[in-house]
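The tour goes from one selection to the next and says what to look for at each stop.

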Amino acid sequence: MKMCDIAVYGLGVMGSSLAKNMISHGYTVAAYSKSGTERQRFSAEGHNDTVCSTAEEMVASLKSPRCIFLMITAGKPVDMVLEELAPLLQPGDVVMDGGNSYYKDTQRRLAWCEERGICYLGVGVSGGERGALEGPSMMAGGSLEGWEKAGGILQTIAAHAEGIPCCAYIAPGGAGHFVKMVHNGMEYAILQLIAESYHYMRFGLELSRDETLRCFEQWKREGLDSYLIDISITVLKKMDEDGSPLVEKILDVAEQKGTGKWTLLESIEREVYIPTIYEAVSARNFSRKKKLRSQGCRQLYSSGKPARLEQAPETLGNALLLGIILSYSQGMELIVKASEMEQWNIDTAVLADVWRDGCIIRSRLLGEIRQAEISSERPLLLDEIFSYIKELEPALRIVNESAVEAGIALPGLASALHYYDYYRMEQMPVNFIQALRDCFGAHTYRRKDMEGVFHTKWETDERI
Ligand code: 6PG
């Protein structure tokens with residue numbers, strides 16, 4: 001029997017698509033799933049020879065060093081599969097986890113594997129079913145030795161942008177899954193901004209579906225070219241059987257699997273301000289209050305007038321573009337901070353290369369982000385290449401003003417403006433907070449005009 005180059009463990013939608021992608025690139029694949037149904041389906045799709053009936057058979061059919069790519073549900077199943085595989089493997093074999101695993105779990109598993117001589121990689125995979133089949137974006141982290149052994153296969157099957165593979169080794173530890181988590185946080189933010197723009201056009205400005213669609217098509221031509229705008233156009237074009245837009249029949253209650261929430265928790269832990277990602281996660285959470293929103297609408301709603309916005313397509317398009325740039329900026333800030341704290345030394349240009357194609361947040365903007373020199377001293381929005389955002393600023397302000405006047409919540413766009421405005425505020429109001437803290441609790445404060453730490457007896461204006 002011919003020994004295989006790589007195994008794919010897990011033959012759900014993503015696993016089977018990745019396995020087919022590997023096969024189409026000439027690799028010999030040992031495919032396995034615990035689920036008999038998945039194994040049968042994959043066999044029936046013309047891959048009978050590649051399917052193994054047991055994990056033992058899968059491992060035995062691999063060349064050495066053995067490379068195994070797990071594409072299974074994140075969480076406990078990954079630990080269970082590692083327990084199952086470890087006794088079957090040799091030191092130097094490589095196990096890769098391609099699920100949306102929590103990066104701290106990846107770090108723990110990496111240490112566990114290291115003790116057993118197994119090279120472990122946490123690989124963030126983006127692009128959905130189609131990406132997996134035709135070329136995903138992949139962010140690898142963990143064992144460098146493992147990357148040197150298996151990275152070539154991953155880079156071959158990944159998407160490519162201008163000849164550069166959208167797959168790279170990001171850093172040690174859980175860095176691959178960390179950056180995938182933040183990728184998802186940015187994905188949440190951009191989805192929220194697009195949804196708000198759609199909603200404002202349809203239900204604030206009362207544009208027709210056709211007019212709304214034309215705006216998206218215009219934005220795509222004028223700077224907003226991206227995968228998420230492309231699929232927004234696809235969604236807007238889809239009609240239900242009765243000829244009405246399908247999107248308007250979809251219940252306004254959003255689901256999520258948790259990567260956005262993890263991104264927020266990390267931002268709090270690492271003290272990075274990512275308000276647009278926060279609003280995007282919160283909007284999905286708040287959407288679950290469907291009944292209360294109906295009640296609130298009856299009790300609190302008053303205006304029946306449509307919102308007003310001059311030159312709506314251009315203004316809203318510019319506001320959306322700026323909101324998206326600021327979302328990338330927030331995500332990059334979190335990555336840069338984590339990279340410093342964890343000593344990952346992540347190169348943001350490499351990240352931009354990895355995200356330029358194949359992933360959900362791919363867009364024309366990533367070409368610009370690639371050229372930016374991002375660091376803790378220079379967030380993306382302050383890089384020279386984005387100096388044009390000053391010209392977009394009035395649009396974001398006008399859209400927010402118009403939405404406030406109309407009483408329509410656009411928290412994603414509002415939070416993007418807050419993020420922008422914070423960076424413009426040389427003086428923040430927190431001097432007043434410092435004074436109050438010192439007044440009620442003697443917490444002390446520092447001064448602009450003198451070195452040192454001060455406390456004041458505020459009631460008597462006596463300083464000590
Ligand atoms: C990707 C996506 C993917 C994730 C979806 C759904 O990069 O291909 O991020 O990994 O499954 O984004 O996430 P939610 O269900 O949390 O929206």
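Select residues 94-97, strand β4, and residues 119-126, strand β5: the two pair in the parallel sense over four bridges. Two strands count as paired if DSSP finds at least two bridges between them; strands (E, at least two residues) and helices (H or I, at least four) are DSSP runs, numbered from the N terminus. Within this pair, Val94 has Cys119 of β5 as its bridge partner.

This is a predicted model, in which local features need pLDDT of at least 70 and side-chain atom pairs count only at pLDDT 80 or more, while totals for chains, interfaces and linings use all residues. Residues are numbered from 1 along each chain as its sequence is written, and side-chain values use heavy atoms, without hydrogens or water.

Now show the whole sheet. Seven strands form an open sheet with mixed pairing, in the order β2-β1-β3-β4-β5-β6-β9. Select 29-32 (β2) and 167-171 (β9): these stand at the edges with a single partner strand each, so one side of each has no neighbour in the sheet.

Contact means heavy atoms within 4.5 Å.

Next, pick Thr259 in helix α11 (residues 259-269). Is Thr259 buried or exposed? Thr259 is buried, at 8% relative accessible area (buried is under 20%, exposed over 50%, partly exposed in between, with a 1.4 Å probe and protein chains only). Its side chain makes a polar contact of 3.0 Å with the side chain of Asn184. A polar contact is a pair of N or O atoms within 3.5 Å; within protein, one must be able to donate a hydrogen and the other to accept it, and residues adjacent in sequence count only if both atoms are side-chain atoms.

Move to Lys337 in helix α14 (residues 312-342). Lys337 is partly exposed, with 29% relative accessibility. A polar atom of the Lys337 side chain lies 2.8 Å from the backbone oxygen of Arg270. Leaving out residues up to four places away in sequence, Lys337 touches Arg270, Glu271 and Val272. Finally, select Ser376: its C-alpha atom is 6.7 Å from that of Lys337, although the two are 39 residues apart along the chain.
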